[in-house]
Amino acid sequence: MILPLLATGAMGGVLAGMFGVGGGIIMVPLLMLWARMDQRQAAATSLVAIVPTAVAGATTYGIAGELDLVAAALVGAGAFAGAPLGAYLLRALPIAWLRWAFIVGMLVAAARLILVEPERGSDLALAPLVAGGLLLLGIVMGVAAGMFGIGGGIIAVPVLIALFGMGDLAAKGTSLAAMIPAAVSGTIPNLRAGLVDVRQGLIVGIAAVLASQGGVALAFLVPPALSGILFGSLLVLVAGQLAVRAVRAQRRERGESPEPGDDAPPTV
């Protein structure tokens, strides 16, 4: 049982370190496949592992000078506030068109990353308008997590690069730091609800922490153009996952039987 958990954590850690995302997109399905968890347990276990992974990855980026702590605090605060709003909107609004609009937006971001080479080493000039924009970005991240189950890094990294002019490495480090409070706030209720085996979560998390260092090293070694292509491809994968969920939601609305995992909690 330990080997599948270690392998899952290692793969998620590399993804987190290299792209500045939580790694839940790969850890959740692998925990379901290899560790035989249901989707809720897998998502909750992944979230536990993301906490130390994000701390370790953000620290490594910070040591290299590729982390904006003020920007991360603003984005993280917005995400912390936005997640409950997203969960409420999920219950209160018909979100089919919002889901498809979000998918299109992710594909547009993917196309930009693939076609336009990200800059490396660009700093963020923190003016009041920029600070407000970062807080708004965090709120959008939190709402998206609550409504669509999409983690912060998938949104934060391309937006920090494209709209705020941040270098690709700094965007990844800042994204990892910003997702820490969201991962902690999501883990606490999961622990109280008994959705997490702490031992299993720690095994996945330790492997992810160690592997994230290799992921960060790859992020510094890979040229910006190739990094953009790889991250854009990741966005396409996430958009495809969202599209599958959208189709399943439409099937439920037509009265067809839902498929397992359609009501799974969000992952980071």
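Author: A cavity is, on a 1 Å grid over the protein atoms alone, a set of points where a 1.4 Å probe fits but cannot get out; a pocket is an open set with protein on both sides within 12 Å along at least five of seven lines, and lining residues have an atom within 4 Å of a point. Grid points are joined across faces, edges and corners, and a volume is the space filled by probe spheres set on the points. This is a predicted model, in which local features need pLDDT of at least 70 and side-chain atom pairs count only at pLDDT 80 or more, while totals for chains, interfaces and linings use all residues. Residues are numbered from 1 along each chain as its sequence is written, and side-chain values use heavy atoms, with hydrogens and water left out.

Reader: How many cavities of 30 Å³ or more does the structure hold?

Author: There are two cavities of 30 Å³ or more. The second largest cavity holds about 40 Å³ of space.

Reader: Which residues line the second largest cavity?

Author: Its lining consists of Leu 113, Pro 118, Val 157, Ile 161, Asp 168, Lys 172, Ser 227, Gly 228 and Phe 231. H7, H8 and H10 are the elements that give two or more residues to this lining, and H10 gives the most, with three. Helices here are DSSP runs (H or I, at least four residues), numbered from the N terminus.

Reader: And what is the volume of the second largest pocket?

Author: The second largest pocket contains about 530 Å³ of space. It is lined by 25 residues, of which Phe 102, Gly 105, Val 140, Ile 155 and Val 159 are the closest to its centre. Helix H5 (96-115), helix H6 (128-148) and H7 each give two or more residues to the lining; H5 gives the most, with nine.

Reader: Phe 102 lines that pocket. Which residues touch the most other members of the largest nonpolar core?

Author: Phe 102 is one of them, together with Met 106, Ile 150, Ile 154 and Leu 160, in a core of 66 residues. Helix H3 (residues 39-63) gives the most to this core, with nine residues. A nonpolar core is a set of buried Ala, Val, Leu, Ile, Met, Phe, Trp, Tyr and Cys residues joined through side-chain atoms within 4.5 Å. Buried means under 20% relative accessible area, exposed over 50%, and partly exposed in between (1.4 Å probe, protein chains only).

Reader: Staying with H3, is Ser 46 buried or exposed?

Author: Ser 46, found in helix H3, counts as buried because its relative accessibility is 0%. Leaving aside neighbours within four places in sequence, Ser 46 is in contact (heavy atoms within 4.5 Å) with Gly 24, Met 27, Val 28 and Leu 31. Val 55 also lies in helix H3, but Val 55 is partly exposed, with a relative accessible area of 38%.

Reader: Turning to aromatics, how many pairs are there?

Author: The structure holds two aromatic pairs. Phe 19 and Phe 231 form an edge-to-face pair, 5.6 Å centre to centre with 75° between the planes. Phe 19 lies in helix H1 (residues 2-19) and Phe 231 in helix H10 (residues 224-253), so the pair ties together parts that are 212 residues apart in sequence. Both Phe 19 and Phe 231 are buried. Rings of Phe, Tyr and Trp (its six-membered ring) pair if their centres lie within 6.5 Å; planes under 30 degrees apart count as stacked, over 60 as edge-to-face and the rest as tilted.

Reader: Against which helices do the buried residues of H1 pack?

Author: They pack against helix H2 (24-34), H3, helix H7 (152-162), helix H8 (168-192), helix H9 (198-221) and H10. The buried residues of H1 include Leu 5, Gly 9, Gly 12, Gly 13 and Ala 16.

Reader: What span should H1 have?

Author: The 18 residues of H1 should span 26 Å at 1.5 Å a residue, and its end C-alpha atoms are 26 Å apart, which agrees. The expected span is 1.5 Å times one less than the number of residues.

Reader: Which residue has a positive phi although it is not a glycine?

Author: Arg 36 does, with a phi of about 60°. Arg 36 sits in the loop between H2 and H3 and counts as exposed, at 69% relative accessibility. Just after H1, Gly 20 takes a positive phi of about 75°.
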